[in-house]
Structure formats: C-alpha cells, structure tokens
Amino acid sequence: MGEFKVHRVRFFDYMPSAIRALAFQPQREKIAVARTSGSVEIFNCADRFFQEKIIPGREQAATEALAWVGDRLFSAGLNGVISEYDLENQKVKYTIDAFGGPMWTIASNQQGTHLAVGCEDGTVKLFEVCEGKIQFEKNLAKQKGRILSLSWHPSGSRIVAGMMDMIRVFNTETGQSVHRLLVERGIGASRSVECVVWGVVYLSDGTIISGDSSGKVKIWDDLTGTLIKSHQVTKWDVLALSVSQDETSVVAGTSEGTVVQFQFLSVVLGQEDKEWVQTRIFKNHTHDVRAVLELGTAVVSGGMDTQFVVRPLLDKIEERGPECVLRKIQFPHRSLVSCAKKAGLLLFQYPGHLELWRLGESDGHGASGSVLPVKRKPEKLLHLKIKGEEHICCSAVSPCGEWIAYSTVASFRLYRLHCDNNNVSITKVSKLPKVLSSANQICFSSDSSKLFAASTCSSVHVVSLSQTVHKFVCTLKPKSGSVQAVHLLAASEDGKWLASANSDREVQIYNLTKMKLHSTVPVYNSGVTAMAIHPTTNNLFMVHADQQVFEYSIEEKKYTDWSRQVQRNGLHYLWLARDTPVTNVTFNPKNPTHIILHDAYMFCIIDQTLPLPDSCSQFYNQLTLRSLPEKDRTKHSHAFKMCKTFKELMFVELMEDQSLVAVERPLVEIAAQLPAPVRQKKFAT
Amino acid sequence: MAKLQRGESECELEKGVRVSVEMSDSSEDEGPEEVAFEESRSAALKSEEEKLQAAKREKELLKEKRRKRQQFFQEQKKKRLLSDTLLEEFDTVPQKQKKLSDDRDEEKDNKQQKLTKSKKKKASRSLQGNCSVMRLKDESADSSMQQSAMDFIQARLYGSGTLRTTNAELLSLEKKRGVKKGAAVQFVNKKWGAEQKAKAEKSNKRFIHRQKLVTT
C-alpha cells in the first residue's frame with residue numbers, strides 16, 4: 001500500500017463560536033443557526049444535516065435571535081438592528097434600525113405577515129413583512145422592564161412577552177396588555193435577584209409555558225391569568241424553550257447542559273384529561289444550552305460548548321435509517337485549510353486573520369507508528385489581519401505558494417508572497433479587475449497562472465495572473481440559470497477543466513481552453529461535500545453528504561465503470577454509517593489508482609484495483625491484514641483502507657514529496673477555551 | 001433636684017420641728033402666738049411684688065437676647081452681600097453688553113439679507129450653561145446601551161451568585177469518573193497547570209522570604 005511520513009499538525013488553533021439561536025423552517029426542512037460571532041449557518045435536515053450555507057459574521061456582532069418568515073431569514077441583535085439575509089449570495093441583504101435599543105428576541109406569526117421584536121426599553125415593536133423589505137407598523141404598550149422573549153398565539157391575535165419578574169399577554173390589535181402574570185423569584189439567595197423569564201411559548205388552546213432563571217418551567221392559563229403548574233427542572237436557569245408543531249411536546253434547555261422534555265399526556269392510562277408531564281432528560285452538552293428546537297422526530301440543541309447536537313426521538317421515527325443516529329456536529333463541513341503542495345506551506349483561515357505556516361522537516365526513518373525526530377520545526381511565516389469588520393468568507397493559496405487570496409462579503413484581496421529562505425515579504429495586488437468584488441469560493445489553477453473566483457448566480461470569474469497585470473479573462477456561467485452560490489471548486493492538473501458545485505445540487509464542468517460549459521453531472525439529491533479531478537485520467541471524483549461516492553469521466557461525459565460497479569455493489573454499511581462528511585479528496589501522483597479522502601475521525605485510501613468490500617467482510621481490516629503473512633493479505637484486502645489513528649482531522653493532503661499532512665484539532669483543546677460551566681456536585685468526587 | 005427636694009423637705013421638717021418645738025416649749029402654758037394682720041398682709045404683698053419683678057427681669061433678659069441675635073444676623077447678611085458700590089457698577093455694565101449684542105445682531109441681520117446664509121446666526125450666539133456639540137456619528141448612545149445589555153447577560157449567566165467552575169475541573173471530573181480513570185488535566189497536560197504552577201511558585205517565594213529561610 002505505502003509508507004507515508006505524516007506531518008501531524010496541531011498548531012491550527014481553530015476555535016468555533018457558541019451557538020446562540022436556532023430557527024426551523026418546516027417547508028424546506030432547514031435549520032438556521034446563529035453563533036455569537038455573528039455568523040449564520042443553514043443546515044439541511046433532510047440531507048444528513050449537511051451544512052449548506054455559511055454567512056460569515058463580523059466583529060462586534062451580537063445576534064440574539066433568528067426568525068424565518070417563509071423563505072426569508074431575519075435576525076435581531078443587541079446592536080439594535082434587524083437584518084435580513086440574502087441566502088442565495090450568502091450575505092446580509094439589508095439592516096433596519098428598530099430604534100428601541102438592543103433587541104433580545106424576534107418572532108414571526110404563523111400567518112407570515114408580521115414580525116414582533118422585543119427591545120431593551122420595554123417595547124414590543126410590530127413590523128409588517130412586505131415584499132423585499134419590512135415596515136414598522138406599531139409599538140405595543142411600553143413596559144417598565146426589558147422584553148426578553150416573545151411568542152405569538154397561533155391565531156396571531158395575542159402575543160406573550162417574558163420580562164423581568166413577570167409575563168405579559170398583549171392583544172396585538174389594541175396593543176394593550178391583557179394579563180400580567182407574576183413569576184415568583186427563587187428560594188434562598190436568589191430571592192434578592194430578579195427572576196428573568198428567558199423563554200415563553202404560547203399554545204393554541206391558550207396555555208402559556210415559560211422557563212425562567214429560577215430553574216422552573218411554569219404552565220399558565222391565559223383565560224384566567226393564573227398559574228396551573230410549576231415544575232422545578234434544575235437548580236440553574238432554564239434558558240430556552242421550544243414547542244413541537246403538533247403542540248404535544250415542549251423541550252427546555254438549561255444552564256447545566258441538559259434538555260428536558262415535557263409531553264402532553266394523560267397521567268392515568270385510559271383517562272381523557274391530559275396535562276404537561278416531564279418525561280425525558282437528555283444530557284448531551286457540557287455547557288449552557290442557549291437554544292433548542294423540537295422538530296417532532298428529533299430534538300436539536302446548541303449552546304456554549306459550540307456543538308450542534310441532534311438527538312432523534314426514536315418513538316416518533318418509523319423506519320430505521322440515518323435519522324436514528326445521535327449527531328454532534330463540531331466542525332464546519334468545509335475545509336478551512338488550504339495547502340501549497342509544491343512549496344510545503346499551509347494556509348489557515350481564521351475569522352479575522354490568515355496564518356501561513358511552513359511545515360517542518362524530519363530526516364529520520366522509523367517503523368510504522370513511531371515518532372520521527374524533527375530536524376527543523378514548523379514556522380509561522382505570515383499573520384495577515386484583514387481590514388474592516390467583516391469575517392473571512394473563503395481563502396486559498398496557490399500550489400506554488402506565491403499567491404494568497406481571500407474574500408469577505410465586501411472585498412476581495414490578492415497578495416503576492418516572496419519567500420526566500422529567511423525573508424518573507426508580501427505585497428498587495430492593488431489593481432484587480434472590478435468584477436472581483438467578493439467571492440464565495442476561490443481556487444487557483446495548478447500552474448498558478450489563473451485564479452478562479454465563484455461569484456453570484458453560480459458564475460465563476462477567471463482572472464489570469466502574471467507578474468505585472470492581472471487581466472480578467474471571462475465569466476463562466478451555468479446554463480440552468482441557478483441563483484444559488486457555488487461552494488466547491490476543483491481545477492484539473494493539466495489546466496483544461498474546472499468543476500464547480502453549487503447549493504442547488506448542480507455540478508458543472510467547464511472547458512478552460514474554450515472557456516465555456518462542457519457538461520453537467522446528473523443531479524443527485526444529496527449535496528457534494530468534497531470533489532477533485534484526477535491528475536491523469538481527468539475523472540471527477542465526488543463524495544456526497546450521504547456518504548455516496550461517484551466518479552465521473554469528464555472527457556467521456558459519463559460515469560466511469562468503477563463508479564457504476566460501486567453503485568451496483570452498494571457501499572459497505574459501516575462506510576454509510578459514518579456521521580461526519582468527507583471534506584477533502586486528493587490523489588497520489590505515483591499511484592494513479594489511489595484516492596485519499598478523510599472526514600473528521602478517519603482518513604482513507606481507496607484503491608480502485610482491489611475488489612470492493614461486501615457487507616459480510618470486515619471493513620476496518622488494516623490491523624488484521626498486518627497480522628497476516630504477506631501471501632494471505634491479497635486474499636483478504638479490499639478497496640477501502642481506513643486509518644483511525646488521527647482524530648478530529650480538519651485536513652489531510654499528500655505533498656509532492658510523498659509525505660502526508662494531517663491537521664488535527666483535538667476536542668480537549670477546544671474545551672479548554674470555552675467559558676465556565678456550572679459547578680455540579682457529583683457523588684464520589 | 002433631689003437635693004433641693006430633700007432640702008426643702010428638710011426645711012419644712014425643720015420648720016415643722018421648730019414650730020412643734022416652739023409649740024412644745026410653750027404648748028402647755030401659753031396659747032398660740034398672735035400674728036398681726038398687717039404683718040402678714042405686707043409679707044404677702046412683698047412676695048407677690050418679688051414674683052412680678054422676677055418675671056419682668058426674665059422678660060427683659062429674653063428681649064436682650066433676641067435683640068442681640070437679630071443684630072448678629074443682620075451683620076452676617078451684610079457681609080454676604082456685595083458692597084453697594086460694586087452693585088452700582090454691575091448695574092451699568094450688563095446694559096452696555098445688551099446694547100452691543102443688539103447692535104451686532106442688527107448688523108448680522110443686514111448681512112444675512114444680503115448673503116442669505118443662516119449658518120452665522122447660530123455661530124454668534126454663545127451657548128449658555130455646560131453644553132458641547134458632538135456629531136451623531138462619532139458617539140452613539142447605542143454602543144453604551146449595547147454594552148449595558150451585554151453586561152446584564154454576562155452578569156446573569158456568569159456573574160456573582162452563579163455557581164460556576166472551571167473547564168479544568170469539568171474535564172478532570174470526567175476523567176475521574178470515566179471508564180478509564182486518569183489524573184486531573186493539570187497534571188497530564190502541561191498547558192493547563194501553568195497558571196496554578198506560577199501561583200504556587202509565587203507563594204513559595206513569599207513563604208521563604210517570610211520565614212527567612214534563605215539568608216541573603
């Protein structure tokens with residue numbers, strides 16, 4: 001198979017930001033996630049929770065809440081502005097100042113006509129959702145405390161607002177407060193602190209469910225304005241509440257990392273009268289849970305430990321399949337590392353800066369699994385801070401290591417790097433073609449002569465790079481006229497072909513000698529997570545979010561025989577059961593039949609000459625093969641060679657000198673930098 | 001007062017005793033002494049006059065006190081006020097200033113009619129009190145409100161009163177209760193324990209210095 005020297009890179013200090021808000025869109029089954037860095041990510045529930053879009057955040061962002069109105073996504077934050085997002089181009093469409101001070105919550109009514117925003121100054125502002133914009137309609141009666149949570153009644157005639165020490169029910173037509181429900185403070189020391197109602201939910205039968213900072217979930221009746229039942233769920237705060245579509249299940253997220261479920265059941269079997277009963281507790285987080293969603297078939301939660309956890313409710317799922325798996329999504333589904341293969345450089349993309357490192361060197365030889373002595377340590381060549389407040393959308397380094405490009409939503413920058421042995425100097429390329437205002441994805445051609453920048457409406461701009469002048473060559477556009485953005489680009493080794501994958505599940509292949517569209521890969525109903533073009537055979541290798549693998553021959557415009565055989569055979573169930581997507585595919589120039597790919601917990605070499613594994617054969621068979629004598633190995637080996645030595649892989653690439661680079665980010669290092677968790681006294685500690 | 005009371009009672013007792021003694025001296029033999037009406041009347045009148053005079057004296061004393069106080073206050077008031085001469089000066093000057101400003105305004109108005117620019121009018125009038133001009137762009141009240149909102153949420157979740165522990169503690173407890181028991185992260189991973197090691201070193205140095213274990 002092969003012996004590789006592996007550069008184990010652990011100096012990429014990737015730190016994700018905490019999840020602050022979640023919002024579910026039932027029509028297209030998308031979940032929008034707002035993080036404390038201001039970035040918004042869209043996950044597709046139907047496609048193995050693939051992270052389809054990432055809208056980068058900005059400095060000093062403080063997004064507090066998200067709301068969907070049909071296909072439109074709105075957010076409200078502590079900076080006092082409501083933003084609408086342009087999901088096709090992955091940026092903010094516009095912001096509108098609500099003039100109410102910091103905003104804590106935003107909620108849309110079921111009819112999709114109005115948005116209500118809760119402000120720091122105690123007003124609930126109603127906005128009318130018009131075509132292309134939102135318009136301020138009126139303020140409801142101004143209150144003396146801050147409005148921390150809102151929920152519309154499904155009919156749209158009433159709104160319940162959670163404030164400090166009380167809950168108010170407003171009539172949306174008159175704007176007056178109908179009921180004032182007083183929430184009692186905690187016991188003991190917390191009696192002196194105000195009780196904050198962090199979440200409220202309004203059900204169609206008039207029941208109001210609230211979660212507050214004394215750790216109680218209270219059930220109120222809005223007809224009489226009285227408390228029906230109070231459940232002490234935790235010693236700490238109840239930070240988030242969510243109700244399912246059919247209003248039979250409510251989940252509450254707490255500060256100690258648990259998610260508690262309440263269900264509307266009859267206490268005695270057979271009797272008609274139902275009440276809200278605490279049923280299950282899920283402990284999937286270590287830190288505070290700031291947002292929860294009840295999807296009916298699953299409970300989605302996110303909080304300060306930055307993990308996006310999907311916990312399926314097995315009693316609601318009918319068939320056994322990929323939806324029955326507990327998912328913890330920690331890393332983004334795109335690569336944040338790019339590699340200059342010929343120069344041995346790695347470019348790390350952080351939200352506010354870029355870092356360029358040169359890999360270390362080692363001379364020694366050793367047995368498999370041994371640690372080699374390092375002759376020259378890896379060194380940081382460049383720390384490039386971006387100007388402005390926006391975060392970086394995408395970045396790339398050319399294979400020769402001479403060009404660095406990055407893009408934010410507002411700007412595009414290209415730099416020329418001069419690297420002698422000891423001196424590193426960087427010059428900014430000032431005169432770029434005007435077409436390059438911002439890009440969703442950047443790719444360099446393998447000889448570093450061309451730059452490909454993916455832009456709006458799935459188009460790709462081609463710019464030729466030279467010492468002096470950078471000319472805009474042309475724009476490649478797909479025939480389908482899709483408005484979605486491109487999230488993956490792959491250029492071929494010989495410089496003739498370019499492949500682009502967009503959020504509409506289309507993969508286009510362009511002919512770079514003629515500068516026009518060559519062919520379109522047949523549409524597959526799962527998004528592409530990684531793709532690459534083979535250097536010699538020019539086959540496009542694609543891996544999808546549902547772990548399916550395809551190989552498409554560009555010159556022949558059809559799937560290859562190997563790919564058809566894989567589809568006929570079916571992939572091994574352990575391969576399909578992996579829960580993290582493949583984020584990078586690369587090839588070995590010396591062994592043209594090898595394909596190297598990786599996901600967060602394994603890296604794998606697929607050998608196309610070997611037979612495919614069938615369901616009864618052992619899939620992870622590397623160790624067994626090593627124990628067998630040489631002659632017997634060929635009988636038992638199959639095409640998928642998996643290696644699980646490196647954990648939490650962010651990037652794996654094969655350099656020109658046949659050494660592998662594995663960029664790891666251990667979860668313990670991320671956990672070290674999280675904010676403080678609650679102190680829990682456990683038995684025997 | 002108790003003494004006075006006792007004194008009085010003693011006098012009365014004494015008087016009583018004297019009377020009774022007198023009585024006892026001549027009690028059996030003679031009848032009571034005859035006191036003439038005139039004497040007793042004059043004694044009563046005298047005592048009344050004395051009383052009246054005492055009251056008068058008291059009143060006069062009070063009057064004197066009041067007079068003195070009044071005088072003192074008047075003198076204080078005089079000290080606080082400025083002297084008359086200065087007041088006269090002040091009276092004349094503001095009138096002059098008003099006249100000047102009026103003249104200036106008239107001139108400016110004339111100019112305005114010619115130039116039709118309204119900016120100068122604002123510049124000429126000086127702001128009264130402690131006011132300053134700032135651009136709306138430079139400082140927004142929003143940032144301070146945003147900061148106070150962020151402080152509120154930080155205080156509620158991580159402030160005093162919330163029982164929080166460290167990530168090191170959390171991970172160490174997980175290791176302790178896990179399937180494969182391990183030591184706390186401070187001892188396993190060098191980076192974790194760095195702060196505590198630094199603290200321990202400092203406290204060691206302080207201890208040594210205090211105990212003067214190392215003679216310099």
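Which residue of chain A forms a salt bridge with B:Arg164? The partner of B:Arg164 is A:Asp288, with the closest N and O atoms 2.9 Å apart. A salt bridge here is a side-chain nitrogen of Lys or Arg within 4 Å of a carboxyl oxygen of Asp or Glu.

The model is predicted, with local features needing pLDDT of at least 70 and side-chain atom pairs counting only at pLDDT 80 or more, while totals for chains, interfaces and linings use all residues. Residues are numbered from 1 along each chain as its sequence is written, and chains are lettered from A in the order in which they are written; side-chain values use heavy atoms, without hydrogens and water.

**The interface of chain B and chain A**

Contact means heavy atoms within 4.5 Å, and buried area is the accessible area (1.4 Å probe) that two parts lose on being put together, summed over both.

| Item | Value |
|---|---|
| Residues of chain B in contact with chain A | 24 residues |
| Residues of chain A in contact with chain B | 43 residues |
| Area buried between chain B and chain A | about 2,700 Å² |
| Share of that area from carbon and sulfur atoms | 60% |

In chain B, the residues that lose the most area to chain A are B:Phe152, B:Arg156 and B:Arg164, together 22% of what that side buries. The rule finds one salt bridge across this interface.

**A sheet in chain A**

Four strands of chain A form an open, antiparallel sheet in the order S6-S7-S8-S9. Strands are DSSP runs (E, at least two residues) numbered from the N terminus, and two strands pair if DSSP finds at least two bridges between them. Strands S6 (63-69) and S9 (91-97) of chain A each have a single partner strand, so one side of each is left without a neighbour in the sheet.
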